[in-house]
Amino acid sequence: MTKKKRILVTRVLPQELRDRLFDFDIVEEALISISYDKHTVLPEKSPNAIFTSKNSLISMKEAILNKRISFERVFCVGEQTEKLLAQYGIDHTVKANSAAELAYMIIEEKIVQADFFCGNLRREELPVILEEHGILVTEHVVYQTELTPRKFGDHFDGILFFSPSGVISYFSEQNSREPVAFCIGNTTAVEAIDYFEHVHAAEEPSAESLITSVIEYYKDE
């Protein structure tokens, strides 16, 4: 009998996704924690709103549904963020698979100002690229990410990362660089490349696609 591949999952999965990994020996350990700041002062209207994480939307849910803030155009990263926007009644969106890709799509729109709704540990690519092209970016920090690192003594064949912060948290304890890094999107993969020899990004920035990438990678072993 072939020994099961041992996989570290850096957040707790919904049961339906966990069930898809029945052929693997999985260990779930959240390496970050998210807290939502629902009292952040928000603009009443944002002509150009940017969301690179669904956590920003979760934090702003009450304000959006109660019409305390409105948007003319919305730019987002990832299928899950787009789906949550639609659930909140916002469907006029431009979607990209990474923050850098989204930045260049925004530049093509020839706008002069944008509101970036983000977390405290957001990456630099998007605001830097936009500001280099003369676009004024106003940041609104609407949620907090805290690293919750852990030292792992066990061997893992692969690790599932769902954010750049998860990668940083994992390596803040000097854990092994040997496993294959499976990343939910290109932005997370860019962070992982600095640490891992083998890095794979999901075809779509979603947990479902990430699970598929793991299954496909090991299917012939």
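Reply: Start with leucine 126. Beyond the residues up to four places away in sequence, Leu126 touches Ile50, Thr52, Ala99, Leu102, Ala103 and Phe116. Keep in mind that this is a predicted model.

Now widen the view to the core itself. The largest nonpolar core holds 18 residues. Those that touch the most other members are Ile50, Leu102, Ile106, Phe116, Leu126, Leu130 and Ile135. So which elements supply two or more residues to this core? They are β5 (70-77), α4 (99-108), β7 (113-119) and α5 (125-132). Helix α4 gives the most, with five residues. Among the contacts of Leu126 are Ala99, Leu102 and Ala103, and the range of α4 is 99-108. Phe116, also touched by Leu126, falls within the range of β7, 113-119.

Next, serine 165. This residue sits in helix α6, which covers residues 164-171. Is Ser165 buried or exposed? Its relative accessibility is 10%, so serine 165 counts as buried, the cut-off being under 20%. Its contacts, neighbours within four places in sequence left aside, are Ile32, Leu121, Thr145 and Leu147.

How far is the C-alpha atom of lysine 83 from that of glutamate 125? The separation is 23 Å, for residues 42 apart along the chain.

Now the whole chain. Its secondary structure comprises eight helices and 11 strands. The radius of gyration is 18 Å, close to the 17 Å that the globule rule gives for 221 residues, so the chain is as compact as a globular protein of that length. Along the principal axes, the C-alpha atoms fill a box of roughly 60 × 35 × 30 Å. Of the 221 residues, 44% are buried. Consider contacts with a separation of 6 or more: 57% of them join residues 24 or more positions apart.

Last, surface and charge. The accessible surface comes to about 11,400 Å². Carbon and sulfur atoms account for 48% of that area. The chain carries 23 positive and 36 negative charges.

Methods
Residues numbered from 1 in each chain as written. Predicted model: local features only at pLDDT ≥ 70, side-chain atom pairs only at ≥ 80, totals over all residues. Heavy atoms only, no water. Helix = DSSP H or I, 4+ residues; strand = E, 2+ residues; numbered from the N terminus. Rg over C-alpha atoms; globule rule 2.2 N^0.38 Å. Buried < 20%, exposed > 50% of the residue type's maximum accessible area, 1.4 Å probe, protein only. Contact = heavy atoms within 4.5 Å. Areas by Shrake-Rupley, 256 points an atom, 1.4 Å probe, with all protein chains shown as cover. Lys, Arg positive; Asp, Glu negative; His and termini not counted. Charge placed at Lys NZ, Arg CZ, Asp CG, Glu CD. Core = buried A, V, L, I, M, F, W, Y, C linked by side-chain atoms within 4.5 Å.
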